[in-house]
There are 2 protein chains.
Amino acid sequence: MMVLVKVLIGIVCGAVILTMGILIGNYGIAKSSSSAPSWVKDVVKDVDESFIEKFLSEVDNIQIQENLRELTKVPHMATTAGDEQTVQYMLKRWQDPKTGLDEAWREEYMVYLSFPDPKKPNKVTVVSPSETVLHTVRAKEKSYTPDQDDPEVVQPYAAYSPAGNVMGKLVYANQGKLSDYQELNKTLDLSGTIAITKYGGAGRAAKAINAAPFGVVGVLVYTDPLDINDGLMSDINETYPHSWYLPPSGVERGSFNTHYGDLLTPYLAAKEKTYRIPVKDITGIPPIPIQPIGFEDAFILICKLGGEAAPITWQGGFNCTYNFGGPGFRNTSEFNASDVKLDIFNYGEVKNSSNVMGIIRGSVEPDRYVIYGNHRDSWVHGAIDPSSGTSVMLELTRVLGQMVKQGKWRPRRSIIFGSWGAEEFGLIGSAEYTEQYFTKLSERTIAYINVDIAVFANVTLRASGMPSLQNVIFNATKQVKAPGSVSSSVYDNWLKYSNRTSPEHGDIPKMGYLTGAGSDYAAFVHYLGITSIDMSYTYDRSKTNARIYPAYHTAYDTFDYASKFIDPGFTSHQAVARTAGNVLIRLADSLVLPFICSDYAEVLKAFLNIALNLYKTQLQARNISMEPLERAVESFTSAASHLDQVIQSSDLANETPLKVRRINDQLMLLDRAFLNPLAFPDKYAFRHVIWASSSAGKQTFPGLADAFVKAESSGQSSDWDKVHYHLSVLSQAIEGAANTLVDVI
Amino acid sequence: MMVLVKVLIGIVCGAVILTMGILIGNYGIAKSSSSAPSWVKDVVKDVDESFIEKFLSEVDNIQIQENLRELTKVPHMATTAGDEQTVQYMLKRWQDPKTGLDEAWREEYMVYLSFPDPKKPNKVTVVSPSETVLHTVRAKEKSYTPDQDDPEVVQPYAAYSPAGNVMGKLVYANQGKLSDYQELNKTLDLSGTIAITKYGGAGRAAKAINAAPFGVVGVLVYTDPLDINDGLMSDINETYPHSWYLPPSGVERGSFNTHYGDLLTPYLAAKEKTYRIPVKDITGIPPIPIQPIGFEDAFILICKLGGEAAPITWQGGFNCTYNFGGPGFRNTSEFNASDVKLDIFNYGEVKNSSNVMGIIRGSVEPDRYVIYGNHRDSWVHGAIDPSSGTSVMLELTRVLGQMVKQGKWRPRRSIIFGSWGAEEFGLIGSAEYTEQYFTKLSERTIAYINVDIAVFANVTLRASGMPSLQNVIFNATKQVKAPGSVSSSVYDNWLKYSNRTSPEHGDIPKMGYLTGAGSDYAAFVHYLGITSIDMSYTYDRSKTNARIYPAYHTAYDTFDYASKFIDPGFTSHQAVARTAGNVLIRLADSLVLPFICSDYAEVLKAFLNIALNLYKTQLQARNISMEPLERAVESFTSAASHLDQVIQSSDLANETPLKVRRINDQLMLLDRAFLNPLAFPDKYAFRHVIWASSSAGKQTFPGLADAFVKAESSGQSSDWDKVHYHLSVLSQAIEGAANTLVDVI
């Protein structure tokens, strides 16, 4: 027994000593060179799906509704007192110690804006030969709720229209396209006339710019009920406040300029002492007075026009034939022999506009930015444009800010929020920001997310962006429930309303492209070449043909309108907030950026095939080879699929963080490779060879399509040279992009 | 005893068990998450000083001499058979399995060159009124060694001079500056004249471009003995082969163009199917025939000129008075009433030119490039220009390649070697390379090192580059022995011959700036904004006033000349190879890039102070504020010193590798921030606002200085506007650069 006991004691003692030894060995010896530094874990930080679930559950529709109520209290046109009120509100929210961001501040620019004169309102009248005023166009929109009576509601006007007093016989010029004036000019002498045009078809400024060479001295523009109201016109029972449709006196305001950014400081941030070009040197603004009016007045003017009946495609929603005009009114009408007179008193002024900026600092790669932005300024109360987007942004920052303040989350990369100023005057705040911080943003920005009008209507998602982002928005929308549904997702719903068949992925939702300059993504896409996405909830196109939500840029775009007719319950706002936030978190937190280069290649191939079909034969006949473009798209395709494979086949969470960074740099900078300042010499700050506005209307490379159309129509060899030149610029950019995706050395 | 023994046994057993436990605890338990992955050591790889010592000791002067012998066997003007021979030699060396690089290949461009017609040599004659040829200028240089008899020695000519047959009375136009022709024009009618000019003072093409508006129909250019030979002229006992001085028949060839890169494909890589502008649209080349001649013939022409004596500053080394010309010769001379006639048969041709590229792949950050380059093409044998530099490059690649092949070394970052083609015709190979790989190079290149003419003379180092590189070249030169010295370093020697007093560092060697387009650094500095350095050994300026080594661009720039008169023993070549290699290794291997931003700030402050002194009062009077520039330089200075402090105060070898990468990205991209394509609208591919050629001759911001001079001389308000505009461009770029150096978020 004793022996046994002794043996047992020995074993126990030995075990204890052994255990002590093991413990000492394991914990007591400093791990010196072979132990992992603390940052080894940090550098592999990746998206946390449970965090995303938590984020989605906390995004609240009522919070968004209350944000909107606050933001729409007063009209907040850029640089007015109302605008300053929203600046203060954004700062208060983003500097809130419990739900705010790491830091928030304002940045100011001195920008050139254009206003009507409150003391001398713009006036449009019909004047008889004896100088009797036979009719005066309504100066302000009719009031249905107290909102419209706010003295700060700006009179409808065309920003950047010159002041001037002009009169002449009226003609109807359809949409004010160059072809419209050419058509009129076939049978009419337009010199000295006033043209009335519809919104749509051509840019706002273009309606006046196209008119002037024909001798037209002034232009009116209105929204035809057929284009905005599905034909409805009566405010007794049809239009707002009975529905979302535009009341007869509603007028779309707008900025009548061709180029974006501050017009006096091209390519320079508009700081106080920055050099400004002379006002007379501004290009792309109306050379003759132009003024928007409501369809109530347009009806009176158009239905009295004389002359031949305009073509069927020019007809609109009024219950009369739209004639060309004699020029002038029918001699059987009360306006017989009368002129239309425009008295425009707009003036230009350099004013102080603010962006409000807020940041959440990244923990692992603070020098990589995901930027999320929307403008803050409106034309009047701007409930939908832009405050729906701002309400969504504020809900995002509340939920994320709270997590940050509570120490529960910090993104891998930095997030920058921008509340841009003076967008309505030409995307000015965002453009100046990109000019001021050009290098820093070019070098470090992962992506830009734009949510301006968050909800055009409450039916389905709409998203436009670079094809490499398709995958991340698909993943995000699959995780978000469609508004009012317990089973189907935003993705399912999107697929139902808008879809296409991809060679690679089969049937998928159809994502659009960012070709124009419709919102603040423009400077990021076209000038900086930053991978961008713009999203919103929108219409069921089988239910309405409205070119945009009817209260757009009018005094009726109010909280009442938004909450009653656009998104009652704010669940579509919520779906957009969840989707945009999900995308934002994935871009900020993913170890490897969730960009799929092959999806970009798929679009380039589709563009190429269309280009080959449309142009190859004719170009060959002129000895211009499309082979370099074919080869470039091929290089890009194979480089893209190679990089995608490298990513898939690597165990990046366990390899050197410099490899992840290297791949992420390739992905981040891909769109930068497509920049070439020579691509679009006539378009201000358009440098991305793949995305640009195009008048050719083809789903292909925009510069090639436009150059081809021009050469084909002029037949001049110098224009065919320009096609060849653009082909070289385009091919070089695509080859350059491919070079950034292949193995780095 | 037993108890003691038992106790002892117990203790021993316990100790053994404890030790076993400790061992098990320390080694037996898998280190799981807490053990360091293998890459933790790799990512902190830094410069190995003992490797640098080894490199320095292996760089061999005799190897360099033999490289030069090989490279100068035959003339190797761009795109000739001799050029192809050097392509093959470079490929053979860089693909050598024992001493070559990881990979080497050629890249081809179709570039526009200009040649004389071997069947109809250019001819310059003096023709009497009766059309008798009184004198014919020597068509080829006199032969002193068999080299000059090689049939491949190209006739002296002015590349890009138009062909043409022109004759007229001769005038002497000094250096062909605009002011020279203006001076002549005061008293002479220049129309129909031929102007003879000296090299120097104005660019080659400028001598003809300046002349044409005055009616001059042809231009001759020669090298005055005073400017190149310290006055010596006799080939009996003074000039080569008796010394390094230029023989009387020696002629400097050259490219007579203003812009660099292929002239038919601006901003596009000159590939086979790239769009080419029409030849007639080329700008910046001579509009009238121009031809270089030797001073032997210039002496005959100039000393017979009639007219008034030219000003004292126009006089040269001939023992006669340099007269303006009547126009034409003195009526007492045998050439009385005679014309000078130029029969120029140059033709343009698109030819295939190759760059030879070689790489050593980086081990830790393969996506970061240090580029080292020199051109390969010469005018004739090109021993000094460029083969001295190529010989040095080949010795570097031999030593480094050997280490790589033996597995003894692999740089942290990738190294790219470039042997550029067609530099002599306008830096074409390097420019096309930067156009083709624009994005990739912009995003990833740490620095460019250019060693073209490695040894102008064997006295002291000369280095020019971005101020942020000052520190690394100082460190490198301190480690290299001065040629022929056992105690003093290249640094000591440099300090002795060329120095300045820095506010921060006291007395230091004087580094120059890369303002012009004298060699292949141009595209890297001005177009890409890459931190660059150019270096060579050079003269003792107290010993010679030669504007360049006398055999420059002549048939005398041979192995014989180089080895006898420029660097006997090749020890200066060796010193340059050691210095350049040392810089290269430091840039490629340092954990933190050895760039000192504060040294950049010091230069900007100096530029600012000069600008304030020169311009502030006059600008204030015109309501143009220099305050934004002052503020920008201040921002830059404080951001630079902040970043320098962050680097010094961080323990970067033990922090996350993403922090090092972040800082290195800030350093790498600093010069990119200074790019603005609007800075120099008249200078092709000059975009770096701080460095550019300037005609104002002030040590300050070049665009500001030039704009100010122009405004001051014209007095036009539009020119003062341009000063203001440039100030805004400049200030924004410097602020933008400062923004990249401050904390990243």
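Visitor: Where does Pro386(A) sit?
Guide: In helix H10 of chain A, residues 383-405. Keep in mind that this is a predicted model.

Visitor: What is the peptide bond from Asp385(A) to Pro386(A), cis or trans?
Guide: Cis, with omega near 10°. Most peptide bonds are trans.

Visitor: And what about the bond from Asp385(B) to Pro386(B)?
Guide: Cis, with omega near 10°. Pro386(B) is in helix H10 of chain B, residues 383-405.

Visitor: What rotation superposes chain B on chain A?
Guide: One of 180°, with 0.0 Å of shift along its axis. The RMSD is 0.1 Å. That is the relation of a two-fold axis.

Visitor: Which surface do the copies meet through?
Guide: The same one, because 100% of the interface residues of chain B are also interface residues in chain A.

Visitor: Switching to sheets. What is the strand order in the seven-stranded open sheet of chain A?
Guide: S1-S12-S14-S13-S15-S19-S16, with mixed pairing. S1 (103-115) and S16 (460-465) stand at the edges. Each has a single partner strand, so one side of each is left without a neighbour in the sheet. The twist averages 20° from one strand to the next.

Visitor: How do S12 and S14 of chain A run, parallel or antiparallel?
Guide: Antiparallel, joined by five bridges. In S14(A), Gly418(A) is the bridge partner of Met357(A).

Visitor: Which strands does helix H11 of chain A touch?
Guide: S1, S12, S13 and S14 of chain A. The direction of H11 makes about 115° with that of S1(A). Helix H14 of chain A, residues 490-497, lies across S16 and S19. H14 runs at about 80° to S16(A).

Visitor: Now Thr531(A). Buried or exposed?
Guide: Buried, at 0% relative accessible area. Thr531(A) is in the loop between helix H15 and strand S19 of chain A.

Visitor: Which side chain does Thr531(A) make a polar contact with?
Guide: That of Asp671(A), at 2.7 Å. Beyond four places in sequence, the contacts of Thr531(A) also include Tyr448(A), Met466(A) and Phe595(A).

Visitor: Last topic: backbone. What is the phi of Asn174(B)?
Guide: Positive, about 55°, although Asn174(B) is not a glycine. Most residues other than glycine have a negative phi. Asn174(B) is buried, at 4% relative accessible area. Ala337(B) has a positive phi too, about 70°.

Visitor: Where is Ala337(B)?
Guide: In the loop between helix H9 and strand S11 of chain B. Ala337(B) counts as partly exposed, at 36%.

Notes. Residues numbered from 1 in each chain as written. Chains lettered and ligands numbered in written order. Heavy atoms only, no water. Least-squares fit on C-alpha atoms with pLDDT ≥ 70 in both. Contact = heavy atoms within 4.5 Å. Helix = DSSP H or I, 4+ residues; strand = E, 2+ residues; numbered from the N terminus. Buried < 20%, exposed > 50% of the residue type's maximum accessible area, 1.4 Å probe, protein only. Polar contact = N/O pair within 3.5 Å; in protein donor to acceptor, adjacent residues only side chain to side chain. Pairing = 2+ DSSP bridges. Axes fitted to C-alpha atoms, helices over the stretch in contact; angles between N-to-C directions.
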